[in-house]
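Subject: Structure handover and notes

Hello,

Here is the structure for your files. My notes on it follow below.

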Amino acid sequence: MDLKKVVSTFPPQILTAAFAAVCGFVTFKLLAYHLNLVLFPWPIQLRETANLLSTSLLLKGGNPYALVNQPLYTNVYGLLYNLVTYPVAALFGPTLAVHKSVAGVFTLGCCLVTYWMLRGGGVTRTLSWSGSLVVYIALLVGKTSLAEPDSLGLFFYLLTIAIAVRCNFSRWGLAASGLAGIAGFYTKPYFILGIPLVAFYLVLFVNRKKGILYTIGTASAFILSAVAVSALCETYFYNTFLIHRNVAGKDVNLMLMQWATFGRQLTEVLAALSIAVCAMALSVLAARRGRVGAPAADGQGKSPLSPLRKGGDVRPLSPHWMEETLTPRNSLMNLGHGGDVPGTGQSPVIVSLPLFALVLVACVFTFKLGLHDGAYMTYLYQLVAPLFVLSVFPLLDRAGAWSYLILPLLALNLLRTSAAYSDLDNAFGPKDRANWEKAATYVSSHRNVLNSAAVAPLLFAQGKPLYDSGQSQYFSCGLEQPPPFGFLFPRVEEVRGQSARYREDIVAAIKAKKFDLLMLDRSFSKWIAPEELFPQYYTHRDVVTLYMPHMGYHWQIDIWEPKQ
């Protein structure tokens with residue numbers, strides 16, 4: 001390709017402005033969809049009510065992890081999201097919209113942290129913006145932006161890494177990093193992963209003493225907090241640790257399928273990365289031949305990204321581009337850490353923290369998290385996608401004149417992947433709305449409904465008693481295997497008995513026809529009582545199909561009335 005001819009036809013400013021326009025369009029589209037998601041009046045996800053119940057109980061002065069409140073108030077993630085939501089819910093009520101709004105704020109916060117890290121590494125505003133949009137698109141997939149703790153936990157996970165890097169691994173920066181990681185755990189357990197990532201990086205690449213002190217300090221703080229939490233919330237670790245340990249699957253094909261989907265999602269970004277790597281290889285070959293790297297856009301170092309840089313110009317590719325790009329001496333890859341590691345006297349190392357973390361997290365996903373069949377694509381989009389952006393976009397920023405190929409590819413990716421986010425009302429037809437209204441009428445016209453998790457939000461909104469929050473079914477899973485670390489798991493036999501009594505009470509109520517209506521789905525409601533019990537005491541009257549857009553779920557709800 002004759003790059004000089006391309007530049008003469010399309011000046012860098014035009015390409016940059018066009019790319020910025022695409023970013024602006026995609027940003028507006030995503031924000032509009034996200035707002036629609038928050039304000040959507042009907043349930044979107046099966047298990048959202050669990051968090052509404054936890055927040056509601058906190059507002060009443062109750063403890064969601066008290067044994068007496070199990071398994072109805074079972075919450076398998078953590079309490080910090082509910083505590084953060086508490087002041088907003090105190091003003092506006094513990095509604096779906098309130099919980100989705102809080103989650104939405106932290107979804108945007110994750111994008112801002114990504115932008116902050118990229119800008120701190122010297123990446124241009126437009127490219128940093130586009131990288132944040134790649135993360136935003138990933139986080140809008142699935143349940144991250146719904147009434148769930150995922151976005152808050154991810155926010156702490158990213159801060160664990162970002163604070164350590166942007167504070168140059170200083171003492172106070174590492175202390176704040178450790179606190180963010182612990183906060184991530186108490187939001188959703190796997191977000192504590194940021195702590196070992198930082199710890200391993202410190203030991204291997206920065207300063208062994210700092211790494212050991214960071215590990216000891218964060219481990220000590222975590223253990224002390226765990227003992228206190230276990231004393232105050234007696235079923236906390238049953239719900240947030242043992243249940244996950246016992247229900248996790250081991251499906252290798254599922255893991256491979258998720259990697260394939262992830263690759264398709266980022267096809268154009270991977271192509272752009274390939275171009276940047278090829279440009280790097282060309283610069284190395286040119287250096288060996290005594291020339292100055294790959295050609296710049298105009299022979300003087302101009303890049304399509306240069307109008308957004310201070311001073312306008314970008315240096316041409318150096319003969320030592322590979323070495324400069326991979327080492328923290330280059331702020332583009334180490335994201336804010338330049339020169340020798342402060343206080344160590346060590347030479348710059350050969351990998352940045354985001355890249356190091358990306359490799360480790362990819363391994364954790366491949367051999368552990370990705371095998372779990374209960375969270376399709378969740379771990380990749382939350383744990384891997386932001387690190388991928390933080391590792392790849394600094395390389396793309398160094399591509400010089402090759403940006404004439406890279407920017408169109410990035411624009412194509414943003415347009416293609418954001419196309420899936422259309423108005424929810426378009427996917428939610430009049431029949432779907434009528435079915436939800438019919439289900440709401442069933443709820444309002446009865447006092448005591450044995451419910452499926454799918455209709456739990458309807459009962460919650462009308463102040464009716466619930467029996468399945470969406471996570472209630474998992475409480476009995478916590479003791480399928482003997483618990484380790486006994487001091488964190490008090491009253492084992494009482495916990496086991498509480499689960500059995502809850503189901504026995506429901507079975508007895510069915511036999512006594514104390515429920516004036518049963519609204520049960522055909523999949524997840526089986527844990528409540530044996531299916532053969534229902535026709536003995538109740539008559540099947542109707543089937544209502546409830547559609548949840550965004551997640552794409554269809555639930556068939558069987559309606560049963562007491563036999564006369």
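I begin with Lys514, which sits in the loop between helix H22 (492-511) and strand S2 (517-521); helices (H or I, at least four residues) and strands (E, at least two) are DSSP runs numbered from the N terminus. Lys514 is exposed, with a relative accessible area of 58%. The cut-offs are over 50% relative accessible area for exposed, under 20% for buried, and partly exposed in between (1.4 Å probe, protein chains only). Leaving aside residues up to four places away in sequence, Lys514 touches Asn448, Ala509 and Tyr538, a contact being heavy atoms within 4.5 Å. Asn448 is 66 residues from Lys514 in sequence, but 7.5 Å from it in space, C-alpha to C-alpha.

This is a predicted model, in which local features need pLDDT of at least 70 and side-chain atom pairs count only at pLDDT 80 or more, while totals for chains, interfaces and linings use all residues. Residues are numbered from 1 along each chain as its sequence is written, and side-chain values use heavy atoms, with hydrogens and water left out.

Overall, the chain has 23 helices and four strands. Of its 564 residues, 58% count as buried. Among contacts with a separation of 6 or more, 76% are between residues 24 or more positions apart.

Thr235 is buried, at a relative accessible area of 1%. Residues up to four places away in sequence aside, Thr235 touches Tyr65, Ala66, Leu67, Gln70 and Phe475.

On the strands: S3 (residues 538-548) and S4 (residues 553-562) pair in the antiparallel sense over 10 bridges, where pairing requires that DSSP finds at least two bridges between two strands. Asp542 stands opposite Ile559 in S4. The hairpin of S3 and S4 has four residues between the strands, and His550 there takes a positive phi near 75°.

On the helices: H13 (residues 267-288) has 22 residues and reaches 32 Å from its first C-alpha to its last, close to the expected 32 Å. That expected span is 1.5 Å times one less than the number of residues. Buried residues in H13 include Val269, Leu273, Ala276 and Met280. H18 has 16 residues and spans 22 Å between its first and last C-alpha, close to the 22 Å expected. Among the buried residues of H18 are Leu407, Leu410, Asn413, Leu414 and Thr417.

Cavities come next. H6 provides the largest share, three residues.

Finally, the unreviewed UniProt entry lists several spans as "transmembrane region", including 127-146 and 379-396; positions follow the numbering used here, feature names are shortened, and annotations may be inferred rather than shown by experiment. In the model, residues 127-146 are 70% helix and 0% strand, with end C-alpha atoms 28 Å apart. Residues 379-396 are 100% helix and 0% strand, with end C-alpha atoms 25 Å apart.

Regards
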